Every structure is written in structure tokens, then in C-alpha cells.
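Let's take a friendly walk through this model, looking at charged pairs, rings and the surface. Keep the structure open beside you as you read.

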Amino acid sequence: MSLAGKRALVTGGSRGIGAAIARRLAADGAIVAITYAGNKAAADTTVAAIEGAGGTAHAFQADAADPTSQRAGVEQAAAALGGIDILVHNAGVAEFLPVTDDSDEAYDRQFDINVKGLHVGTRAALPHLADGGRIILIGSISGELAFPATATYSATKAAVAALARGWAKDLAARNILVNTVQPGPIDTDLNPADSEFAAQLRGSLPLGRYGNVEEIAGAVSFLAGPDASYITGTTLNIDGGLTA
């Protein structure tokens, strides 16, 4: 129970990696709030799983693409939690298009959610974030490793890591630690380990397998906990050695 008494907000926490992070933080003792864009049923399932395991959780609708909605979700979560000790930004979107097929709309949508939404949400959370708190941004190895048809998505994730490095220095006086976790190939509904793409990629993975959402959640819990008290401004790749 290394996070006992801590208050955690996980954006985009209704399913996949976000839901796993919420469950793990709760299992480690934190009181958890999650936000979700539109899938209330999935959010309710995550809350029920946490409560069924003896934890406490709340869910609030917030559209990361809409600054007003994003701010409102953070305010609701902070009120329910009584403040924030751990902020995990997981909400994001990916659209894989080669530059020949990319569009202004796809570009704006990805930057609005992956970068601006994160920026708005962090600024909204700061008045509620305790000194000594943690901000953990979920990026992607795509931010530093090129794949076909991912240029815009990769640019957003490179921006995420850059924000974390800058914020780590901006917030050091308050001992707020800011880090980025960059998942590689992780088995989720959107990127299943049994897909044709996964079969092609698996040969490039030194460990020879996709990761699972719990492995990302474990790293986030570590960065949120007391053993990570001297880690800030870094990126942690969890990718089976793909970027090694």
C-alpha cells in the first residue's frame, strides 16, 4: 500500500492502459478519480472493479478536445478527491495516415487531444496539486521512433515528452515530479497482440512479445510512489527493447 492516502486523477481511465493504471493505483492504496470522453459504461466498469476490490473511485465525463470540458472534469475530480497528489494524463487519440492522406482535421484533432488537452488539464490541476505531487504523462515510443503513417501522431507524442521535461524544471521548487512513460507495443483492444500487424512487428521485438497493460500500470505506480523521489524530467520506455 505504498500510495495509501494519496489522491489520484487518471484522464482517459475508462479502458485499456488508463483503466489498468487506475486499478493499480487503487490497489496500491490511492483514492482514484478517472475521466472518460464518452464511454460511460466502460468508466462504470472500471469504477466497479476498483470498488469491488475494496478501493474508492469516481468517474467524470470530460472531453480532452474541449478545454472547457477538460477543466470541468479536473475541477470535479479535485472536489471529489479533496485535492490531487497524482495526476496521470492518459487520454489520447491516434490516427495513422501517411502524409499524402493526412488532413488539417486529423492534425488538429490529434494535437487538440494529445497535447492541448494535456496542457489544459495540467494547468487546471496545478492549484489542486499538493507540493511533492507527481505528474505522469503517457506518451509513446512513437515520439522518438518513426513508423510509417504515424508522423502527426508521433509529433504529438514528442511534444508530450518535451512538455514533461520543461514542467519538471518549472515545478521543481514545489517538489512536483514530472515524468513520461512511453509504451511500445501493448496488447489492448485498439492494438491486439493477435493482429496481423502484431505478427509482423513481433519479429522486431527483442523480448518477442507484446506487453500488457499491467506492465505499464506498474511503472506508473512506481513513478507515483516513494521510491521514485529523485526521478523527474525523464522518459521511461516500456517496449520490450524495441528502442534499445
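Arg174 counts as partly exposed because its relative accessibility is 29%; here buried means under 20% relative accessible area, exposed means over 50%, and partly exposed is in between, with a 1.4 Å probe and protein chains only. Arg174 forms a salt bridge with Asp131, and their closest N and O atoms are 2.7 Å apart. The pair links distant parts of the chain, with Asp131 in strand β5 (residues 129-138) and Arg174 in the loop between α5 and β6 (177-183), 43 residues apart. Asp131 has 59% relative accessibility, so Asp131 counts as exposed.

A word on the ground rules: this is a predicted model, in which local features need pLDDT of at least 70 and side-chain atom pairs count only at pLDDT 80 or more, while totals for chains, interfaces and linings use all residues. Residues are numbered from 1 along each chain as its sequence is written, and side-chain values use heavy atoms, leaving out hydrogens and water. Helices (H or I, at least four residues) and strands (E, at least two) are DSSP runs, numbered from the N terminus.

Side chains of opposite charge can pair when their charged atoms come close. A salt bridge here is a side-chain nitrogen of Lys or Arg within 4 Å of a carboxyl oxygen of Asp or Glu. How many salt bridges does a search of the whole structure find? The search finds 7.

One of them joins Asp85 to Arg7, with the closest N and O atoms 2.8 Å apart. Asp85 lies in strand β4 and Arg7 in strand β1 (residues 7-11), so this pair ties together parts that are 78 residues apart in sequence. Are these two residues buried or exposed? Both Asp85 and Arg7 are buried.

Arg24 and Asp28 also meet in a salt bridge through their side chains, at 2.9 Å from N to O. Arg24 is partly exposed, with a relative accessible area of 34%, whereas Asp28 is buried, with a relative accessible area of 14%.

## An edge-to-face ring pair

The whole structure holds 2 aromatic pairs. Rings of Phe, Tyr and Trp (its six-membered ring) pair if their centres lie within 6.5 Å; planes under 30 degrees apart count as stacked, over 60 as edge-to-face and the rest as tilted. Phe96 and Tyr153 form an edge-to-face pair, 5.6 Å centre to centre with 85° between the planes. Phe96 lies in the loop between β4 (84-89) and α4, and Tyr153 lies in helix α5 (residues 151-170), so the pair ties together parts that are 57 residues apart in sequence.

Phe96 counts as exposed because its relative accessibility is 53%. Tyr153, at 12%, counts as buried.

## Along helix α4

Asp112 is found in helix α4 (residues 104-125). With 31% relative accessibility, Asp112 counts as partly exposed. Further along, Arg123 lies in helix α4 too, and Arg123 is partly exposed at 44% relative accessibility. Arg123 and Pro148 are 25 residues apart in sequence, and their C-alpha atoms are 33 Å apart in space.

Where does Thr35 sit? Thr35 is in strand β2 (residues 31-36), and Thr35 counts as buried at 3% relative accessibility. The C-alpha atoms of Thr35 and Asn90 are separated by 9.6 Å, while the two residues are 55 apart along the chain.
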